[in-house]
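Open the model in your viewer and keep the selection panel at hand. The tour moves from a helix pair to a sheet, then to a single residue.

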Amino acid sequence: MAKVSPLMLAPPLIFGAFVALAAVGMFREDPEALPSAREGQLAPPVVLTAFPGKAGFTDETLRDGTVKLVNYWASWCAPCRVEHPNLDLLSEEGIPIYGVNYKDTLAQADGFLKDLGDPYTAIGRDEKGRMALDWGVYGVPETYVIDGEGTIVLRFAGPITQRVIEKTIRPALKKAAGQ
């Protein structure tokens, strides 16, 4: 009888593992959503450079007892321009939004806010993207719903649209508020 080499078993085992992984990915609740390892955990430390002329925020701000949004944005980001009017609407409703200007120049970021308006309660600058790495940011825009104790309830990657507000952000805000 011929002897089977262990190396001959490797391709079918690798293929089987790939099929299992693909099946798990296909049957997730929302295959479009990017998973976040941070949901349900305290928000990582806030380490930002000041945005001149704007109020800043700290770790304590995120744990002040109020539900809030933290929004990563940049002036060079086209989807950030698309979501900006929706952030304005949320801000007008009284939802505090804390902005993190990501890998941007101060002049361009300031121009962006002067052109489109400033929906942010406070802003800081993450010039090198270090804080974004700690938060698990894939790219901008990304928005986090934070409960009053500073726990991340939701991470949403992509622009905030009216549909996203109604189907994703509002339910997360209610959950964060304990409703």
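In which sense, left-handed or right-handed, does H3 pass H4? The crossing is right-handed. A crossing counts as left-handed if the near helix is turned anticlockwise from the far one by less than a right angle, and as right-handed if clockwise.

Before going further, note that this is a predicted model, in which local features need pLDDT of at least 70, side-chain atom pairs count only at pLDDT 80 or more, and totals for chains, interfaces and linings use all residues. Residues are numbered from 1 along each chain as its sequence is written, and side-chain values use heavy atoms, with hydrogens and water left out.

**Stop 1: the helix pair**

Select residues 78-92 for helix H3 and residues 106-116 for helix H4. Helices (H or I, at least four residues) and strands (E, at least two) are DSSP runs, numbered from the N terminus. The axes of H3 and H4 come within 11 Å and cross at roughly 55°. Axes are lines fitted to C-alpha atoms, for helices over the stretch in contact, and angles run from 0 to 180 degrees between N-to-C directions. H3 and H4 are therefore oblique to each other. Angles under 35 degrees count as roughly parallel, over 145 as roughly antiparallel, 65 to 115 as roughly perpendicular and the rest as oblique.

Now show side chains. H3 brings Cys80, Arg81, His84 and Asp88 to the contact (heavy atoms within 4.5 Å). H4 brings Phe112, Leu113 and Leu116. These contact residues divide into four nonpolar, one polar and two charged. Here Ala, Val, Leu, Ile, Met, Phe, Trp, Tyr, Cys and Pro count as nonpolar, Asp, Glu, Lys and Arg as charged, and the others, Gly among them, as polar.

**Stop 2: the sheet**

Switch to the strands. Six of them form an open sheet in the order S1-S4-S3-S2-S5-S6, with mixed pairing. Two strands pair if DSSP finds at least two bridges between them. Go to the edges: S1 (49-50) and S6 (152-157) each have a single partner strand, so one side of each is left without a neighbour in the sheet.

Select S2 (residues 68-73) and S5 (residues 142-146). They pair in the antiparallel sense over five bridges. Val70 has Tyr144 of S5 as its bridge partner, and Leu69 stands opposite Val145.

Trp73 stands opposite Asn101 in S3.

Bring the helices back. H4 touches S2, S3 and S4 (122-126), and its direction makes about 125° with that of S2.

**Stop 3**

Colour by accessibility. Buried means under 20% relative accessible area, exposed over 50%, partly exposed in between (1.4 Å probe, protein chains only). In S2, six of six residues are buried: Lys68, Val70 and Tyr72 on one side, Leu69, Asn71 and Trp73 on the other. S3 also has six of six buried. Ile97, Gly99 and Asn101 point one way, and Tyr98, Val100 and Tyr102 the other way.

**Stop 4: Tyr102**

Centre on Tyr102, in strand S3. Its relative accessible area is 12%. The C-alpha atom of Tyr102 is separated by 5.0 Å from that of Asp126, 24 residues apart along the chain. Not counting residues up to four places away in sequence, Tyr102 touches Trp73, Ala74, Trp76, Asp126, Gly129, Ala132 and Val140.
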